[in-house]
Amino acid sequence: MPCWISKDLESVHPKSSKDAREVRRVAATSRHPGRSAAPRTYLGLQTPGFPNLFTITGPGSPSVLCNMPVPIEQHVDWIAECLRQMQENGATRIEAKAEAADDWVAHVNEAADATLLPMASSSWYLGANVPGKPRVFMPYAGGMARYAAICDDVAGKGYPGFDIK
């Protein structure tokens, strides 16, 4: 959905009335009780229900477990290539599929459970810095090299786990 974001990052400005309807539809269908329980992303790059919105070093990516420029560069390069391929194929919309996000969250949890990191009692990695927030280990603890290989595999297979139109 073509749009621009204001400099203050507080508002999205669709380029047409059709895009405005899409923003309202996504916003209306994305408000549900489960949304606040824990971050739910696919590859840490997109959240189901938010088409064309990519996150860089978001929950479910290696993010803070790395020297930050490394995952930032990997994400930017991956997203740029994805967008290039979409443009080449005439696609204008990409959204993470809910099932792919669920599978990814399970994989992120498996990777975290193989470490001692989720056992911390008061780490901000778990959301402990926000009163009442569910305790969930958010970064991908499987390693940057493994994560990049998974992302490359997804791209090489034509972006399974994403709905591209």
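What does the pLDDT of this chain average, and what share of the residues score at least 70? This is a predicted model, and the chain averages a pLDDT of 84, with 78% of the residues at 70 or above. Where pLDDT is low, the predicted coordinates should not be read in detail.

Next, the overall layout. The chain has four helices and four strands, and along the sequence they run β-β-α-α-β-α-α-β. Of the 165 residues, 35% are buried. Taking contacts between residues at least 6 apart in sequence, 63% join residues at least 24 apart.

Now to one helix pair. Helix α2 covers residues 69-88 and helix α4 covers residues 144-156; their axes come within 11 Å and cross at roughly 5°. That crossing angle is under the 35 degree cut-off, so α2 and α4 count as roughly parallel to each other. On the α2 side, the residues in the contact are Val70, Pro71, Gln74, His75 and Trp78. On the α4 side they are Met144, Tyr147, Ala148, Cys151, Asp152, Val154 and Ala155. By class, this contact has nine nonpolar, two polar and one charged residues.

Besides meeting α4, Trp78 takes part in an aromatic pair with Phe162. The structure holds six aromatic pairs. In the pair of Trp78 and Phe162, the ring centres are 5.9 Å apart and the planes stand at 40°, so the pair is tilted. Which parts of the chain does this pair tie together? Trp78 lies in helix α2, while Phe162 lies in strand β4, residues 162-164, so the pair links parts that are 84 residues apart in sequence.

Are these two residues buried or exposed? Trp78 has a relative accessible area of 5%, so Trp78 is buried. Phe162 is at 4% relative accessibility and therefore counts as buried too. The cut-off for buried is under 20%.

Definitions and conventions
Residues numbered from 1 in each chain as written. Predicted model: local features only at pLDDT ≥ 70, side-chain atom pairs only at ≥ 80, totals over all residues. Heavy atoms only, no water. pLDDT = per-residue confidence, 0-100. Axes fitted to C-alpha atoms, helices over the stretch in contact; angles between N-to-C directions. Helix = DSSP H or I, 4+ residues; strand = E, 2+ residues; numbered from the N terminus. Parallel < 35°, antiparallel > 145°, perpendicular 65-115°, else oblique. Contact = heavy atoms within 4.5 Å. Nonpolar A, V, L, I, M, F, W, Y, C, P; charged D, E, K, R; others polar. Phe/Tyr/Trp six-rings, centres within 6.5 Å; stacked < 30°, edge-to-face > 60°. Buried < 20%, exposed > 50% of the residue type's maximum accessible area, 1.4 Å probe, protein only.
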